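Open your viewer and get ready to select residues one by one.

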Amino acid sequence: MDETIQEIILHLGELKEDFDTNKKLKEKTSKVISILTEAADMSVEKALMELEEMNALSLAPYHRTKVWDIVSLLESLQR
């Protein structure tokens, strides 16, 4: 597995385990982790779509920043 993907999964795990994370965000992060661990051809694109859907969620500023950091890491893999 790519080193960047492992780093992203680590960040997602931290976000999921954060005490203040709401249920919806935990569900989304779990889904993104499973997408990325599948190592399918389109896993990065699928993960990005899931993370972009989090915009509709009511997130704390800290969580929103963390999500966008993860999105940036994923986007760097597309280049």
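## A walk along the salt bridges

Select lysine 28 to begin: this residue is buried, with a relative accessible area of 18%. Here, buried means under 20% relative accessible area, exposed means over 50%, and partly exposed lies in between (1.4 Å probe, protein chains only). Before you go on, note that this is a predicted model: local features need pLDDT of at least 70, side-chain atom pairs count only at pLDDT 80 or more, and totals for chains, interfaces and linings use all residues. Residues are numbered from 1 along each chain as its sequence is written, and side-chain values use heavy atoms, with hydrogens and water left out.

**Stop 1: around lysine 28.** Colour helix H2, residues 23-38; lysine 28 sits in this helix. Helices are DSSP runs (H or I, at least four residues), numbered from the N terminus. Now show what touches lysine 28. Leaving aside neighbours within four places in sequence, its contacts are Glu50, Glu53, Met54 and Leu57. Contact means heavy atoms within 4.5 Å.

**Stop 2: glutamate 50.** Which residue does glutamate 50 meet in a salt bridge at 2.9 Å, N to O? The partner is lysine 28. A salt bridge is a side-chain nitrogen of Lys or Arg within 4 Å of a carboxyl oxygen of Asp or Glu. Glutamate 50 lies in helix H3 (residues 43-53) and lysine 28 in helix H2, so the pair ties together parts that are 22 residues apart in sequence. Is glutamate 50 buried or exposed? Glutamate 50 is buried, at 10% relative accessible area.

**Stop 3: lysine 31.** Lysine 31 is partly exposed, with a relative accessible area of 41%.

**Stop 4: the network.** Select Lys28, Lys31, Glu50 and Glu53 together. Salt bridges link these residues in a network.

**Stop 5: lysine 66 and glutamate 14.** Move to another pair. The side chains of lysine 66 and glutamate 14 meet in a salt bridge, 3.4 Å from N to O. Lysine 66 lies in helix H4 (residues 61-78) and glutamate 14 in helix H1 (residues 3-17), so the pair ties together parts that are 52 residues apart in sequence. Lysine 66 counts as buried, at 14% relative accessibility. Glutamate 14 is partly exposed, at 41%.

**Last look.** How many salt bridges are there by this rule? The count comes to four.

Conventions
Helices (H or I, at least four residues) and strands (E, at least two) are DSSP runs, numbered from the N terminus.
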